[in-house]
Amino acid sequence: MVPWTAGQTAMVELNGVCKTFGKSMVLSGITLRVMPREVVVLIGPSGSGKSTLLRCMNALETPEQGEVYIDGVVLTGNGEKATGRAAVASPGAALHRMRAEIGMVFQQFNLFPHMSVIENIMLAPVRVRGLTREQARRKGVALLGKVGLEDKSHALPSSLSGGQMQRVAIARALAMEPKLMLFDEPTSALDPEMVGEVLNVMNELAEEGMTMVVVTHEIGFAREVGDRIVFMEQGRIVEEGTPAQLLEAPREERTRSFLSKVL
């Protein structure tokens, strides 16, 4: 597990985050820190708030209460009022800047179907980072090599398998050189035979020191790659700990009940 030391800035910090949809409380007072280079895996039953929590980390959802910090910058909420720390930038400015620092990979691949694989990867670095097309192309080719798809540069997404499309989606996110990667059940839409190729890429990212927050039902991945596992239910964190602690000796009865059904 990545150690925390006094004074070290968390890559992700959530303080008392609450989120509702209509009359439903989806997140209730979530407080969580993710340190640089740490891999945190969120598990729990469907509807427990895992994906919503992930989406609050890049302001795709805005909590009604609480604050979200990314690398010390307040992303949503009134950081100065709530914590006594001066916000590095206004929430609006932080949102614009920090979203470019956060990569997100969804259940569905969200590739542009009319663009080739390399064009999908080049788009954001050119438009957001200001790279030339040639710079973006070189970066894209290198990333395709990284995810084992160097021969698919000019293919259209429709010609790829689900596992290949998800690896392209990971390469596209990495093209922005993010400091944080968020994964929302990245293997749930894949055939079982394709799950391993995506998890292998994620494992390599973890070994390289990428800070990652992963929502997944792949308990084997959580055990092997996670530094910390967070179990959620009904919008709350029930329990968290190292994989050995949480999977082998959970403290809470609800955690034990959930794990008995998935292990």
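Me: Is Arg167 buried or exposed?

Reply: This is a predicted model, and the values below are computed from it. Buried means under 20% relative accessible area. Arg167 has 10%, so Arg167 counts as buried.

Me: Where does Arg167 lie, and which residues does Arg167 touch?

Reply: Arg167 belongs to helix H6, which covers residues 162-174. Leaving out residues up to four places away in sequence, Arg167 touches Val147, Gly148 and Leu149, and also Glu197, Val198 and Val201.

Me: How many helices and strands does the chain have?

Reply: The chain has ten helices and ten strands. Of its 263 residues, 53% count as buried. Among contacts with a separation of 6 or more, 65% are between residues 24 or more positions apart.

Me: What is the volume of the largest pocket, and which residues lie nearest its centre?

Reply: A pocket is an open set of grid points, whereas a cavity is one that a probe cannot get out of. The largest pocket here holds about 520 Å³ of space. Its lining has 18 residues, and Arg99, Ile102, Met104, Ala124 and Met176 lie nearest the centre. Strand S6 (102-105), helix H4 (117-127) and H6 each give two or more residues to that lining.

Me: How does the lining of the largest pocket divide into nonpolar, polar and charged residues?

Reply: The lining has twelve nonpolar residues, four polar and two charged.

Me: How many salt bridges are there in the whole structure?

Reply: Side chains of opposite charge can pair when their charged atoms come close. A search of the whole structure finds 16 salt bridges. One of them is between the side chains of Lys19 and Glu61, at 3.8 Å from N to O. Lys19 is in strand S1 (residues 12-21) and Glu61 is in the loop between helix H1 (50-56) and strand S4 (65-70), so this pair ties together parts that are 42 residues apart in sequence. Lys19 and Glu61 are both buried.

Me: With which residue does Glu61 form a salt bridge at 3.6 Å?

Reply: That partner is Arg55, and 3.6 Å is the separation of the closest N and O atoms. Glu61 has a relative accessible area of 17% and is therefore buried. Arg55, at 25%, counts as partly exposed.

Me: Which helices does the pair Glu248 and Arg223 tie together?

Reply: The salt bridge between these side chains is 3.8 Å, N to O. Glu248 lies in helix H9 (residues 243-248) and Arg223 in helix H8 (residues 219-225), so the parts tied together are 25 residues apart in sequence. Glu248 is exposed, with 60% relative accessible area, while Arg223 is partly exposed at 35%.

Me: Which residues do salt bridges that share partners join into one network?

Reply: The network consists of Lys19, Arg55, Glu61 and Glu64.

Me: Where is Arg133, and what does Arg133 touch?

Reply: Arg133 is in helix H5, residues 133-146. Not counting residues up to four places away in sequence, Arg133 touches Met122 and Val126.

Me: In which loop is Asn110 found?

Reply: Asn110 is found in the loop between S6 and H4. Asn110 is not a glycine either, and its phi is positive, about 55°. With a relative accessible area of 46%, Asn110 is partly exposed.

Note on methods: Residues numbered from 1 in each chain as written. Predicted model: local features only at pLDDT ≥ 70, side-chain atom pairs only at ≥ 80, totals over all residues. Heavy atoms only, no water. Helix = DSSP H or I, 4+ residues; strand = E, 2+ residues; numbered from the N terminus. Buried < 20%, exposed > 50% of the residue type's maximum accessible area, 1.4 Å probe, protein only. Contact = heavy atoms within 4.5 Å. 1 Å grid on protein atoms, 1.4 Å probe; cavity = no way out; pocket = protein on both sides within 12 Å on 5 of 7 lines; lining within 4 Å. Points joined across faces, edges and corners; volume = space filled by probe spheres on them. Nonpolar A, V, L, I, M, F, W, Y, C, P; charged D, E, K, R; others polar. Salt bridge = Lys/Arg side-chain N within 4 Å of Asp/Glu carboxyl O.
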